[in-house]
Amino acid sequence: DLDNLVDIVEPLDGIVLNAGAVKLAPIAFINDDSIDELFEINVQSSIRLVQRLVRKKKLKKGASIVFISSIATQKATIGNAVYNATKGAVNSFVKSLALELAKKKIRANAILPGFVPTGIMSNSEMSKEELDAHLKNYPLGRYGKPEDIAYLAIYLLSDQSSWMTGSLLNLDGGFSLK
């Protein structure tokens, strides 16, 4: 219940929005339910939360909003069209939000991570062989770790990034270079 959550939360110095779900499907097999579900989870939930925080003045002057997007918006893969579209929508929202909130000295940025094996893998159909083959696309020779993303989020939440807003930051071990 977003309204109750926003009502009880104290004014925030920053927030990280890390909603995400993936459903792989070739374009011919995409259905309305999966489109609706992915857009609800990956885009609309974060927009609704930020909208309520702004309306209720729950973001302090100088606050930082950090979205977790995906490098998939920069480098498409087969079967990921809807996911890529949802994260592209997040990127566009971040830029508009940053522009709109700048007068309040509130910043909005997005991190575009490459592949980070997390709980999302529990529903994956990727085999070890497929994961090993995909790893070859990462010049630094490894997948990301949650702390890689967390360290950048900490920077974006801090005053050290006070002159950064509307930025989309690739953090992908060089994946987007290939």
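Reader: Which residue in β2 is the bridge partner of G14?

Author: The partner of G14 in β2 is S64. The model is predicted, so local features need pLDDT of at least 70 and side-chain atom pairs count only at pLDDT 80 or more, while totals for chains, interfaces and linings use all residues. Residues are numbered from 1 along each chain as its sequence is written, and side-chain values use heavy atoms, with hydrogens and water left out.

Reader: What makes β1 and β2 (residues 59-68) a pair?

Author: Pairing requires that DSSP find at least two bridges between two strands. Five bridges join β1 to β2, therefore the two count as paired; they run parallel. Strands here are DSSP runs (E, at least two residues), numbered from the N terminus, and helices are runs of H or I of at least four.

Reader: Why do β1 (12-17) and β4 (168-171) stand at the edges?

Author: The open sheet has the order β1-β2-β3-β4. Each of β1 and β4 has a single partner strand, so one side of each lacks a neighbour in the sheet.

Reader: Why is the contact of E37 with K23 called a salt bridge?

Author: The term requires a side-chain nitrogen of Lys or Arg within 4 Å of a carboxyl oxygen of Asp or Glu. The N to O distance is 2.5 Å, so the pair qualifies. E37 lies in helix α2 and K23 in the loop between β1 and α2, so the pair ties together parts 14 residues apart in sequence.

Reader: Is E37 buried, partly exposed or exposed, and why?

Author: Buried means under 20% relative accessible area and exposed over 50%, with partly exposed in between (1.4 Å probe, protein chains only). E37 has 33%, so it counts as partly exposed.
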